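Subject: Structure handover

Hello,

Here is the structure we talked about, with notes on what turned up in it. Please look it over before reading on.

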Amino acid sequence: MATVPEARPSAGTERARQVQRIFSEIAPRYDLLNHLLSLNVDRRWRRKAVARLDWHRASRGSFLDACAGTYDLSIELAAQRGFGGTVVALDFAKPMLDQGRAKIDGLSVVPVCGDSLKLPFADDAFGGAMVAFGVRNLCDLDYGLRELLRTLEPGAKLVVLDFALPRVPLLRGLYMFYFTRVLPLVGRIISGHRWAYAYLPESVREFPEPEELAERMAGAGFSEVQWDALTGGIATIHVGRKSDSRR
(Lines give C-alpha, C1' and ligand atoms only; values in the text may rest on other atoms or scores of the structure.)
Protein backbone atom coordinates (compact mmCIF):
# COMPACT_ATOMS: atom_id res chain seq x y z
CA MET A 1 0.00 0.00 0.00
CA ALA A 2 1.20 3.52 -0.79
CA THR A 3 2.48 5.63 2.04
CA VAL A 4 -0.21 7.99 3.32
CA PRO A 5 0.57 11.44 4.73
CA GLU A 6 0.35 11.35 8.52
CA ALA A 7 -0.25 15.09 8.97
CA ARG A 8 -3.13 17.11 7.57
CA PRO A 9 -2.52 18.75 4.21
CA SER A 10 -0.42 21.87 4.48
CA ALA A 11 -1.00 25.15 2.68
CA GLY A 12 -0.61 26.01 -0.97
CA THR A 13 0.78 23.70 -3.64
CA GLU A 14 1.75 20.99 -1.18
CA ARG A 15 -1.82 20.87 0.16
CA ALA A 16 -3.19 20.55 -3.37
CA ARG A 17 -0.82 17.67 -4.08
CA GLN A 18 -1.79 15.86 -0.89
CA VAL A 19 -5.53 16.31 -1.45
CA GLN A 20 -5.17 15.03 -5.01
CA ARG A 21 -3.35 11.97 -3.69
CA ILE A 22 -5.97 11.30 -1.00
CA PHE A 23 -8.88 11.34 -3.44
CA SER A 24 -6.97 9.25 -5.94
CA GLU A 25 -6.33 6.59 -3.31
CA ILE A 26 -9.89 6.40 -1.93
CA ALA A 27 -11.55 6.33 -5.38
CA PRO A 28 -12.43 2.57 -5.31
CA ARG A 29 -14.61 2.98 -2.19
CA TYR A 30 -15.68 6.60 -2.66
CA ASP A 31 -19.27 6.02 -3.83
CA LEU A 32 -20.01 3.36 -1.22
CA LEU A 33 -18.73 5.50 1.62
CA ASN A 34 -20.45 8.67 0.40
CA HIS A 35 -23.89 7.11 0.44
CA LEU A 36 -23.30 5.00 3.54
CA LEU A 37 -21.89 7.76 5.71
CA SER A 38 -24.52 10.31 4.63
CA LEU A 39 -27.37 7.77 4.95
CA ASN A 40 -28.11 8.58 1.30
CA VAL A 41 -29.19 12.13 2.13
CA ASP A 42 -26.48 13.38 -0.24
CA ARG A 43 -28.66 12.29 -3.17
CA ARG A 44 -31.42 14.65 -2.07
CA TRP A 45 -28.93 17.48 -1.63
CA ARG A 46 -27.70 17.03 -5.18
CA ARG A 47 -31.23 17.16 -6.54
CA LYS A 48 -31.78 20.44 -4.74
CA ALA A 49 -28.49 21.82 -6.07
CA VAL A 50 -29.39 21.03 -9.69
CA ALA A 51 -32.82 22.56 -9.17
CA ARG A 52 -31.11 25.86 -8.25
CA LEU A 53 -28.89 25.91 -11.36
CA ASP A 54 -31.51 27.48 -13.64
CA TRP A 55 -30.36 25.17 -16.43
CA HIS A 56 -33.59 25.64 -18.39
CA ARG A 57 -32.37 29.02 -19.61
CA ALA A 58 -29.75 27.22 -21.72
CA SER A 59 -30.98 23.64 -21.75
CA ARG A 60 -28.90 22.73 -24.82
CA GLY A 61 -25.77 24.46 -23.63
CA SER A 62 -22.63 23.30 -21.85
CA PHE A 63 -22.49 23.12 -18.06
CA LEU A 64 -19.50 22.62 -15.78
CA ASP A 65 -19.36 20.21 -12.87
CA ALA A 66 -16.09 21.15 -11.15
CA CYS A 67 -14.46 18.77 -8.65
CA ALA A 68 -16.81 16.20 -10.19
CA GLY A 69 -15.47 13.09 -8.48
CA THR A 70 -17.37 10.04 -9.73
CA TYR A 71 -20.01 12.10 -11.58
CA ASP A 72 -22.99 11.99 -9.19
CA LEU A 73 -23.82 15.66 -9.68
CA SER A 74 -23.15 15.49 -13.42
CA ILE A 75 -25.54 12.55 -13.71
CA GLU A 76 -28.22 14.37 -11.75
CA LEU A 77 -28.17 17.20 -14.29
CA ALA A 78 -27.68 15.10 -17.43
CA ALA A 79 -30.66 12.87 -16.52
CA GLN A 80 -33.09 15.77 -16.07
CA ARG A 81 -36.13 15.63 -18.33
CA GLY A 82 -35.74 18.28 -21.02
CA PHE A 83 -31.98 18.62 -20.62
CA GLY A 84 -30.37 18.49 -24.06
CA GLY A 85 -26.97 19.94 -23.32
CA THR A 86 -23.59 18.62 -22.23
CA VAL A 87 -22.09 18.36 -18.76
CA VAL A 88 -18.33 18.79 -18.61
CA ALA A 89 -17.16 16.88 -15.52
CA LEU A 90 -13.77 18.09 -14.33
CA ASP A 91 -11.65 16.63 -11.54
CA PHE A 92 -7.92 16.68 -10.84
CA ALA A 93 -7.89 13.12 -9.45
CA LYS A 94 -8.05 10.94 -12.57
CA PRO A 95 -8.75 7.72 -10.60
CA MET A 96 -12.04 9.30 -9.45
CA LEU A 97 -13.09 9.94 -13.05
CA ASP A 98 -12.00 6.45 -14.08
CA GLN A 99 -13.85 4.84 -11.18
CA GLY A 100 -17.18 6.39 -12.14
CA ARG A 101 -16.90 6.14 -15.92
CA ALA A 102 -19.38 3.25 -16.27
CA LYS A 103 -22.03 5.39 -14.55
CA ILE A 104 -22.11 7.94 -17.39
CA ASP A 105 -22.63 5.48 -20.27
CA GLY A 106 -25.37 6.84 -22.49
CA LEU A 107 -25.36 10.26 -20.85
CA SER A 108 -24.07 13.52 -22.28
CA VAL A 109 -21.25 13.83 -19.75
CA VAL A 110 -17.69 14.55 -20.87
CA PRO A 111 -14.87 13.78 -18.38
CA VAL A 112 -11.93 16.17 -18.19
CA CYS A 113 -8.94 15.71 -15.89
CA GLY A 114 -7.91 19.19 -14.82
CA ASP A 115 -7.40 21.64 -11.99
CA SER A 116 -10.24 23.91 -10.85
CA LEU A 117 -7.65 26.60 -10.15
CA LYS A 118 -6.53 26.49 -13.79
CA LEU A 119 -9.71 25.71 -15.69
CA PRO A 120 -8.82 24.69 -19.26
CA PHE A 121 -11.80 26.50 -20.76
CA ALA A 122 -12.42 29.79 -22.52
CA ASP A 123 -14.11 32.79 -20.94
CA ASP A 124 -17.94 32.66 -21.01
CA ALA A 125 -17.89 28.96 -21.96
CA PHE A 126 -20.69 27.60 -19.76
CA GLY A 127 -24.38 28.19 -19.22
CA GLY A 128 -23.94 27.25 -15.57
CA ALA A 129 -21.47 25.69 -13.15
CA MET A 130 -21.80 23.61 -10.01
CA VAL A 131 -19.49 22.18 -7.37
CA ALA A 132 -20.46 19.54 -4.80
CA PHE A 133 -18.15 19.09 -1.81
CA GLY A 134 -15.23 20.48 -3.77
CA VAL A 135 -14.54 24.17 -3.16
CA ARG A 136 -13.60 23.24 0.41
CA ASN A 137 -10.60 21.39 -0.98
CA LEU A 138 -9.23 24.25 -3.08
CA CYS A 139 -5.94 25.59 -1.77
CA ASP A 140 -6.99 29.10 -2.90
CA LEU A 141 -10.76 29.46 -2.52
CA ASP A 142 -11.00 33.05 -3.75
CA TYR A 143 -8.96 32.37 -6.87
CA GLY A 144 -11.04 29.27 -7.58
CA LEU A 145 -14.26 31.27 -7.34
CA ARG A 146 -12.88 33.84 -9.77
CA GLU A 147 -11.91 31.07 -12.19
CA LEU A 148 -15.42 29.66 -12.07
CA LEU A 149 -16.85 33.12 -12.68
CA ARG A 150 -14.56 33.61 -15.67
CA THR A 151 -15.84 30.52 -17.44
CA LEU A 152 -19.54 31.39 -16.99
CA GLU A 153 -21.47 33.22 -19.65
CA PRO A 154 -23.21 36.44 -18.52
CA GLY A 155 -26.36 35.67 -16.58
CA ALA A 156 -25.31 32.11 -15.71
CA LYS A 157 -25.30 30.71 -12.17
CA LEU A 158 -22.78 28.98 -9.96
CA VAL A 159 -24.23 26.52 -7.41
CA VAL A 160 -22.01 25.35 -4.55
CA LEU A 161 -23.08 22.43 -2.34
CA ASP A 162 -20.91 21.71 0.66
CA PHE A 163 -20.85 20.70 4.30
CA ALA A 164 -21.30 23.16 7.15
CA LEU A 165 -21.49 23.07 10.94
CA PRO A 166 -25.02 23.12 12.46
CA ARG A 167 -25.92 26.18 14.54
CA VAL A 168 -28.20 24.41 17.10
CA PRO A 169 -25.91 23.35 19.97
CA LEU A 170 -27.38 19.87 20.52
CA LEU A 171 -27.36 19.03 16.83
CA ARG A 172 -23.88 20.48 16.46
CA GLY A 173 -22.61 18.28 19.31
CA LEU A 174 -24.15 15.11 17.86
CA TYR A 175 -22.91 16.01 14.40
CA MET A 176 -19.36 16.63 15.56
CA PHE A 177 -19.30 13.34 17.48
CA TYR A 178 -20.35 11.50 14.34
CA PHE A 179 -18.06 13.55 12.13
CA THR A 180 -14.93 13.27 14.26
CA ARG A 181 -15.35 9.81 15.81
CA VAL A 182 -17.66 7.57 13.77
CA LEU A 183 -16.96 8.74 10.23
CA PRO A 184 -13.14 8.50 10.37
CA LEU A 185 -13.33 5.01 11.91
CA VAL A 186 -15.83 3.61 9.41
CA GLY A 187 -14.05 5.36 6.54
CA ARG A 188 -10.70 3.90 7.55
CA ILE A 189 -12.11 0.36 7.89
CA ILE A 190 -13.91 0.34 4.53
CA SER A 191 -11.45 2.35 2.45
CA GLY A 192 -8.28 0.98 4.01
CA HIS A 193 -6.95 4.54 4.06
CA ARG A 194 -5.55 5.55 7.43
CA TRP A 195 -6.09 9.28 7.17
CA ALA A 196 -8.46 10.39 4.37
CA TYR A 197 -11.65 10.35 6.44
CA ALA A 198 -10.01 12.27 9.26
CA TYR A 199 -9.26 14.98 6.69
CA LEU A 200 -12.98 15.52 6.00
CA PRO A 201 -13.99 16.88 9.44
CA GLU A 202 -10.77 18.92 9.57
CA SER A 203 -11.58 20.53 6.23
CA VAL A 204 -15.16 21.33 7.30
CA ARG A 205 -13.98 22.98 10.53
CA GLU A 206 -11.57 25.15 8.53
CA PHE A 207 -14.12 26.04 5.84
CA PRO A 208 -15.76 29.50 5.98
CA GLU A 209 -19.12 29.82 7.71
CA PRO A 210 -22.04 30.17 5.25
CA GLU A 211 -22.21 33.96 5.62
CA GLU A 212 -18.49 34.31 4.95
CA LEU A 213 -18.64 32.03 1.92
CA ALA A 214 -21.46 34.17 0.54
CA GLU A 215 -19.33 37.29 1.08
CA ARG A 216 -16.38 35.71 -0.66
CA MET A 217 -18.52 34.73 -3.62
CA ALA A 218 -19.67 38.33 -3.85
CA GLY A 219 -16.06 39.47 -3.51
CA ALA A 220 -15.10 37.22 -6.41
CA GLY A 221 -17.63 39.04 -8.59
CA PHE A 222 -20.85 37.06 -8.24
CA SER A 223 -24.12 38.95 -7.88
CA GLU A 224 -27.44 37.96 -6.26
CA VAL A 225 -25.60 35.61 -3.88
CA GLN A 226 -27.93 33.57 -1.68
CA TRP A 227 -27.58 30.51 0.50
CA ASP A 228 -29.83 27.96 2.17
CA ALA A 229 -29.18 25.49 5.00
CA LEU A 230 -29.97 21.81 4.42
CA THR A 231 -30.84 19.07 6.92
CA GLY A 232 -30.52 21.16 10.05
CA GLY A 233 -27.51 23.05 8.76
CA ILE A 234 -25.12 20.15 8.13
CA ALA A 235 -24.87 21.27 4.50
CA THR A 236 -25.57 24.42 2.53
CA ILE A 237 -26.33 25.44 -1.03
CA HIS A 238 -24.85 28.75 -2.18
CA VAL A 239 -25.95 30.35 -5.44
CA GLY A 240 -24.47 33.31 -7.28
CA ARG A 241 -24.93 34.74 -10.75
CA LYS A 242 -22.51 36.26 -13.22
CA SER A 243 -23.77 39.73 -13.99
CA ASP A 244 -25.23 40.15 -17.45
CA SER A 245 -23.42 43.12 -18.97
CA ARG A 246 -26.15 43.42 -21.56
CA ARG A 247 -28.66 44.58 -18.94
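Salt bridges first. The count comes to 19, where a salt bridge is a side-chain nitrogen of Lys or Arg within 4 Å of a carboxyl oxygen of Asp or Glu. Keep in mind that this is a predicted model: local features need pLDDT of at least 70, side-chain atom pairs count only at pLDDT 80 or more, and totals for chains, interfaces and linings use all residues. Residues are numbered from 1 along each chain as its sequence is written, and side-chain values use heavy atoms, with hydrogens and water left out.

Arg216 deserves a look. It sits in helix H9 (residues 210-220); helices (H or I, at least four residues) and strands (E, at least two) are DSSP runs, numbered from the N terminus. Asp142 forms a salt bridge with Arg216, with the closest N and O atoms 3.0 Å apart. Asp142 belongs to helix H6 (residues 141-151) and Arg216 to H9, so the pair ties together parts that are 74 residues apart in sequence. Glu212 also meets Arg216 in a salt bridge (3.1 Å, N to O). Glu212 and Arg216 are four residues apart in H9, so about one helical turn separates them.

How accessible are these side chains? Arg216 is partly exposed, at 25% relative accessibility. Asp142, at 27%, is partly exposed, and Glu212, at 35%, is partly exposed too. (Buried means under 20% relative accessible area, exposed over 50%, partly exposed in between, with a 1.4 Å probe and protein chains only.)

Leaving aside neighbours within four places in sequence, Arg216 is in contact (heavy atoms within 4.5 Å) with Leu141, Asp142, Leu145 and Pro208. Arg216 and Leu141 are 75 residues apart in sequence, yet 8.6 Å apart in space, C-alpha to C-alpha.

Two other items on charge. Arg21 and Glu25 form a salt bridge (3.1 Å, N to O), and both lie in helix H1. Asp31, Asp72 and Lys103 are linked in a salt-bridge network.

Next, the core. A nonpolar core is a set of buried Ala, Val, Leu, Ile, Met, Phe, Trp, Tyr and Cys residues joined through side-chain atoms within 4.5 Å. The largest has 51 residues; Phe23, Trp45, Leu77, Met130, Leu161 and Phe163 have the most contacts inside it. H8 gives the largest share of this core, five residues. Apart from it lies another core, of 25 residues, including Val88 and Phe222.

Now the open space. On a 1 Å grid over the protein atoms alone, a cavity is a set of points where a 1.4 Å probe fits but cannot get out; a pocket is an open set with protein on both sides within 12 Å along at least five of seven lines; lining residues have an atom within 4 Å of a point. Grid points are joined across faces, edges and corners, and a volume is the space filled by probe spheres set on the points.

The largest pocket has a volume of about 530 Å³. It is lined by 28 residues, and the closest to its centre are Ser38, Phe163, Phe179, Leu183 and Leu200. H7 supplies the largest share of that lining, five residues.

There are two cavities of 30 Å³ or more. The largest cavity holds about 370 Å³. Of its 29 lining residues, Cys67, Asp91, Phe133, Gly134 and Asn137 are the closest to its centre.

Best wishes
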